[in-house]
Amino acid sequence: MAESESQEGNYYNRGKMMENFKIDMEELLEEMEKLTVRATWMAYDCVAIQTNPDLSNAMQHLEDVSLMCKEQMKKKWQEVLLE
């Protein structure tokens, strides 16, 4: 009888290990997919910038304007809080 219980315990442990393995593999595959997408977009951006140098300048200008806008919003928000 003890052997039967031991086998059931081993079967349960083995099943639990397989379930954990499947979950871990799914998580790893999902992370790899995310990294692959990021790498693809980075490569695409590099090709786009090399093909069209004006794009890089436009992106830099957009970033500068965005930062200026953010600063102005911060100042205005401070003014509103002081009122």
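Biologist: Is E30 buried, partly exposed or exposed?

Modeller: E30 counts as partly exposed, at 45% relative accessibility, where buried means under 20% relative accessible area, exposed over 50%, and partly exposed in between, with a 1.4 Å probe and protein chains only. This is a predicted model, in which local features need pLDDT of at least 70 and side-chain atom pairs count only at pLDDT 80 or more, while totals for chains, interfaces and linings use all residues. Residues are numbered from 1 along each chain as its sequence is written, and side-chain values use heavy atoms, with hydrogens and water left out.

Biologist: Which side chain does E30 meet in a salt bridge?

Modeller: The side chain of E30 meets that of K34, at 3.8 Å from N to O; a salt bridge here is a side-chain nitrogen of Lys or Arg within 4 Å of a carboxyl oxygen of Asp or Glu. K34 is itself partly exposed, with a relative accessible area of 46%.

Biologist: How far apart are E30 and K34 in helix α1?

Modeller: They are 4 residues apart, about one turn of the helix, and helix α1 covers residues 2-51. Helices (H or I, at least four residues) and strands (E, at least two) are DSSP runs, numbered from the N terminus.

Biologist: And how many salt bridges does a search of the whole structure find?

Modeller: That search finds 1 salt bridge.

Biologist: Changing topic, how many helices and strands are there in the protein?

Modeller: The protein has 2 helices and 0 strands, and of its 83 residues 0% count as buried. Its accessible surface comes to about 8,300 Å², with 62% of that belonging to carbon and sulfur atoms; such areas come from the Shrake-Rupley method with a 1.4 Å probe, and for residues only the protein chains shown count as cover.

Biologist: Which residues make the nonpolar surface patch?

Modeller: M18, F21, M25 and L28 make that patch, of about 390 Å², and L28 lies in helix α1. Patches are made of residues with over 30% relative accessible area and no salt bridge, with like charges joined within 9 Å and nonpolar side chains (Val, Leu, Ile, Met, Phe, Trp, Tyr) within 5 Å.

Biologist: What forms the negative surface patch?

Modeller: E19, D24, E26 and E27 form it, and E26, found in helix α1, is exposed, with a relative accessible area of 55%. Asp and Glu count as negative and Lys and Arg as positive, without His or the chain ends, and the place of a charge is taken as NZ of Lys, CZ of Arg, CG of Asp or CD of Glu.
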